[in-house]
Amino acid sequence: MSRRESPPPPSPPPTPHLLGLRRAEVECDDRPERAEPLSDAEREIIQDTWGHVYKNCEDVGVSVLIRFFVNFPSAKQYFSQFQDMEDPEEMERSSQLRHHARRVMNAINTVVENLHDPEKVSSVLALVGKAHAIKHKVEPMYFKILSGVMLEVLSEDFPEFFTAEVQMVWTKLMGAVYWHVTGAYTEAGWLQVSSSAV
């Protein structure tokens, strides 16, 4: 795959391009001053479509993580419980992977449920970002990659709800999520990060 520089949070690129990302550098100086706010209509679109997704949150989360780890196996280095798993079927049966999938989906659910409260969203994502920066030492680029994988899986699994317009709104939300998470990384002292997601 080709090598290219990573843009600031998406506004809004087509999600398949995110999966083409293999090597990138993120400089926190490139971070915009703030995330682009969602309109009332956009918040409603996100909450409506999320209602359909969250009914099957564990299975969707597992699908997202499996695709993430299959396409970006270097991300497994942060998960001792399943870092040696290569077979998607084995990953699907892993209780640890299922548990992490639930955690990811529940974090997104908390964000979606609180879109009306920017302070709450910021607080939740700051906790997620700090935990991943300080405790788990996960490179922040993986959040951008995971966002792209998630959007791709949602548009494939729920095509009747994830129209082109809806995908653009969700891309905007994921850009805001990435903005908040990278802000937590900056506060934790991650000034520049090289990511080799191969």
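The accessible surface of the protein chain comes to about 10,200 Å², and 51% of that area belongs to carbon and sulfur atoms; areas come from the Shrake-Rupley method with a 1.4 Å probe, and for residues only the protein chains shown count as cover. This is a predicted model, in which local features need pLDDT of at least 70 and side-chain atom pairs count only at pLDDT 80 or more, while totals for chains, interfaces and linings use all residues. Residues are numbered from 1 along each chain as its sequence is written, and side-chain values use heavy atoms, with hydrogens and water left out. Of the 198 residues of the protein chain, 48% count as buried, where buried means under 20% relative accessible area, exposed over 50%, and partly exposed in between (1.4 Å probe, protein chains only).

**Confidence**

- The mean pLDDT of the protein chain is 83, and 80% of its residues reach 70 or more; pLDDT is the predictor's confidence in each residue, from 0 to 100.
- Among the elements, helix H2 (residues 40–54) has the highest mean pLDDT, at 97, and helix H1 (residues 15–19) has the lowest, at 34.
- The pLDDT is below 50 over residues 1–29, a stretch that has 69 contacts in the model beyond near neighbours in sequence; contact means heavy atoms within 4.5 Å.
- Residues 193–198 also have pLDDT below 50, and this stretch has 27 contacts beyond near neighbours in sequence.
- Where pLDDT is low, the predicted coordinates should not be read in detail.

**Overall fold**

- The secondary structure comes to 8 helices and 2 strands, taken as DSSP runs numbered from the N terminus (helices are H or I, at least four residues; strands are E, at least two).
- Along the sequence, the elements follow the pattern α-β-α-α-α-α-α-α-α-β.
- Among contacts with a separation of 6 or more, 77% are between residues 24 or more positions apart.

- Helix H8 covers residues 164–187, and its 24 residues should span 34 Å at 1.5 Å a residue; the end C-alpha atoms are 35 Å apart, which agrees. The expected span is 1.5 Å times one less than the number of residues.
- H8 is largely enclosed by the rest of the structure, because 18 of its 24 residues are buried.
- After H8 comes Gly189, whose phi is positive, near 100°.
- Tyr185 lies in H8, and its relative accessibility is 1%, so Tyr185 counts as buried.
- Leaving aside neighbours within four places in sequence, Tyr185 is in contact with Gly129, His132, Ala133, Val138, Glu139, Pro140, Phe143 and Trp190.
- Tyr185 and Pro140 are 45 residues apart along the chain, with 7.4 Å between their C-alpha atoms.

**Aromatic pairs**

- The whole structure holds 12 aromatic pairs. Rings of Phe, Tyr and Trp (its six-membered ring) pair if their centres lie within 6.5 Å; planes under 30 degrees apart count as stacked, over 60 as edge-to-face and the rest as tilted.
- Phe79 and Phe82 form a stacked pair, with 4.9 Å centre to centre and 15° between the planes; both Phe79 and Phe82 are buried.
- Ring pairs join Phe68, Phe69, Phe72, Tyr78, Phe79, Phe82 and Tyr142 into a cluster.

**Other residues to look at**

- Glu152 lies in helix H7 and counts as buried at 11% relative accessibility.
- The side chains of Glu152 and Arg67 are joined by a polar contact of 2.9 Å. A polar contact is a pair of N or O atoms within 3.5 Å; within protein, one must be able to donate a hydrogen and the other to accept it, and residues adjacent in sequence count only if both atoms are side-chain atoms.
- Ile45 lies in helix H2; leaving aside neighbours within four places in sequence, Ile45 is in contact with Glu165, Val166 and Val169.
- Ile45 and Glu165 are 120 residues apart in sequence and 9.4 Å apart in space, C-alpha to C-alpha.
- Asn114 lies in the loop between helix H5 (95–113) and helix H6 (118–135), and counts as buried at 15% relative accessibility.
- Beyond neighbours within four places in sequence, Asn114 is in contact with Lys120 and Val121.
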